[in-house]
Amino acid sequence: VMLKEELAKCLRQAVLKAQQEGALSAAALPEVLIEHPQNPEHGDFASGFPLRMARAMRLSPLAIAEEICRHKVPPRQVDRIRVAPPGFINFTLREDWLSTEVESILTAGEAYGDVELGKGKRVQLEFVSVNPTGPLHVGHGRGAVLGSTLANVLAAAGYAVQREYYINDMGTQITNFGRSLYARYLQCLGKEAAMPPDGYQGNYMIDLAKEIIQEHGDSFLSLPDAEAVLQLGEVGVAKMLQTIKHDLELLHVVFDDWFSERSLYRGGQYDRVMGLLQSGGYVVEKANATWFESSSLGEDKDNVLVRGDGSPTYFASDIAYHYNKFLERKFDQVIDIWGADHQGHVPRMKAVLKALGCAPDQLKVIICQLVTLRRGEEIVKVSKRSGDIVTLREVIEEVGPDPCRFIFLSRSADSQMDFDMELAKKQSAENPVYYVQYAHARIASILRLAKQREIDYSRGDVSLLTSEPELTLIRRLILFPEIVERVAVTLEPHHLPYYAQDLATVFHSFYKQCRVVSQDEALTR
């Protein structure tokens with residue numbers, strides 16, 4: 001049980017005891033919230049619980065707080081509980097308990113911070129899912145890091161997590177990609193060919209065509225145009241996917257499953273879900289197309305499922321995909337991370353879930369806002385269709401994967417962000433990544449020195465850690481499980497880099513004030 005929960009339980013029990021004895025009136029109790037005071041002089045934890053009960057009990061918050069304190073049985077970790085105006089209850093932890101927590105952290109090792117929140121519930125995270133028509137750019141990197149970090153945290157919080165990339169391997173964009181690649185292929189073989197007007201103009205298409213020529217020669221010339229476009233498209237998509245996989249691995253992002261859109265049609269999910277919607281009375285034929293009547297489920301407008309030419313829309317595929325997630329693979333919760341251009345797609349997907357008999361809140365959609373790439377003051381242009389593309393790989397190679405991950409996480413997903421490549425490489429305290437890495441480097445150098453001097457610290461006596469800088473550092477360390485829980489509940493991993501910076505600040509301060517390897521052998525250990 002988390003310490004916060006123990007403190008909340010202590011307050012609840014004190015109120016119930018006071019109510020039984022008639023010291024407090026019988027009123028329903030609101031949720032007991034425990035927070036960390038801004039001012040360290042107010043203790044380690046605080047609760048404004050009495051302020052929330054004052055109206056119902058018709059008593060001043062201060063009087064309620066004092067009654068609670070009179071009836072409390074504090075947990076063993078607490079040194080003192082004090083009342084502060086206008087009705088706060090402040091908790092200060094025992095210093096001898098704090099120092100023994102160092103042992104608990106060391107014993108837990110890599111599992112320190114893991115919390116039992118998910119209880120094995122099956123969660124699927126689907127993220128990145130970029131059309132395999134070009135290399136990843138910096139904006140895709142943000143969604144990739146957000147998804148992979150969330151997956152790691154949810155796994156640490158006791159959920160059974162599946163990481164998935166949804167491959168859009170059919171539809172208009174794939175057709176355009178095939179046509180563009182065929183034009184580049186012909187041009188590279190010295191043939192006359194015009195690029196399609198809505199084609200992919202980037203230089204990477206020329207490189208791709210040359211690579212295919214190296215492997216297959218001019219064998220596609222003997223095919224009819226339509227067949228050549230189709231086959232070249234297949235080869236190109238497979239190569240693009242390999243590039244995407246490689247780029248994501250550079251960023252330490254891996255997937256458990258790469259799910260093909262095409263498989264929804266081959267596997268019959270599309271037909272099954274359309275039949276379900278039809279029998280539920282949610283499908284209507286009008287204006288030469290097939291529509292999903294989202295308006296009957298509270299949506300603003302209806303949405304096209306099948307165009308007049310018989311081709312399914314992106315929305316229709318997405319319905320079949322979510323039918324597969326919820327009704328076939330039976331995930332308890334699905335988290336989709338989408339780009340800013342998909343904002344309007346969220347309510348209609350929730351309406352579909354309602355039509356399929358699922359609870360709409362089983363689907364959580366995180367919208368990832370745009371990234372502006374900078375070099376100091378200068379904005380760097382990023383575009384997939386035009387030739388002047390800065391790929392995610394180039395950014396990773398220039399800046400390094402760790403700074404990329406840290407910076408992508410440093411703002412909440414719903415806020416736009418600037419990624420300054422110059423700042424990310426700076427070796428100074430103004431670069432938050434460097435500041436955290438520097439704390440890590442200092443720790444590594446202490447351990448190196450201990451090894452050189454053959455200091456065995458396995459039986460170090462943690463009760464000797466009693467000074468203010470030592471205890472302040474331990475106070476920060478014990479917050480980590482709370483951070484993991486908070487990220488798992490809010491799905492906001494930006495709390496992690498903030499915590500890392502905060503911890504680094506406290507460590508740097510400790511490092512300056514406390515010499516670790518010193519003449520005092522017992523304290524050194």
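Is Cys 10 buried or exposed? I looked up Cys 10 and found 4% relative accessibility, so Cys 10 counts as buried. The cut-offs I use are under 20% relative accessible area for buried, over 50% for exposed and partly exposed in between, with a 1.4 Å probe and protein chains only.

**Ground rules**

I am working on a predicted model, where local features need pLDDT of at least 70, side-chain atom pairs count only at pLDDT 80 or more, and totals for chains, interfaces and linings use all residues. I number residues from 1 along each chain as its sequence is written, and side-chain values use heavy atoms, with hydrogens and water left out.

**Cysteines**

I searched for disulfides, meaning pairs of cysteine sulfur atoms within 2.5 Å. I found 0 in the structure. For Cys 10, the closest cysteine sulfur is that of Cys 69, at 8.3 Å, which is too far for a bond. I also checked Cys 358, which is buried at 10% relative accessibility.

**Gln 19**

I placed Gln 19 in helix 1 (residues 3-20). Helices here are DSSP runs of H or I with at least four residues, strands are runs of E with at least two, and both are numbered from the N terminus. Gln 19 has a relative accessible area of 17%, so I log it as buried.

What does the side chain of Gln 19 reach at 3.1 Å? I found the backbone oxygen of Ser 25 there. I then listed contacts, meaning heavy atoms within 4.5 Å. Beyond its neighbours within four places in sequence, Gln 19 is in contact with residues including Leu 24, Leu 29 and Met 57.

**Cores**

I turned to the nonpolar cores. Each is a set of buried Ala, Val, Leu, Ile, Met, Phe, Trp, Tyr and Cys residues joined through side-chain atoms within 4.5 Å. The largest has 92 residues, and Leu 125, Val 128, Leu 154, Leu 248 and Phe 419 touch the most other members. A second, separate core has 34 residues, including Ala 8, Phe 45, Ile 89 and Tyr 112.

Setting aside residues up to four places away in sequence, Leu 248 touches Val 128, Leu 136, Ala 144, Tyr 165, Val 253, Phe 255 and Trp 258. From Leu 248 to Cys 10 I read 47 Å, C-alpha to C-alpha, across 238 residues of sequence.

Which strands pair with strand 10? I count strands as paired if DSSP finds at least two bridges between them. Strand 4 (residues 122-126) runs parallel to strand 10, joined by 4 bridges. Strand 11 (residues 363-368) pairs with strand 10 in the parallel sense over 6 bridges. Ile 335 is the bridge partner of Leu 125, and Lys 364 in strand 11 is the bridge partner of Ile 335. Strand 10 (residues 333-339) is mostly covered, with 6 of its 7 residues buried.

I found 8 of the 11 residues of helix 12 buried, among them Met 349 and Leu 353. The cover over these buried residues includes helix 10 (269-279), helix 11 (314-328) and strand 11. Just after helix 12, I noted a positive phi of about 85° at Gly 357.

Notes. A polar contact is a pair of N or O atoms within 3.5 Å; within protein, one must be able to donate a hydrogen and the other to accept it, and residues adjacent in sequence count only if both atoms are side-chain atoms.
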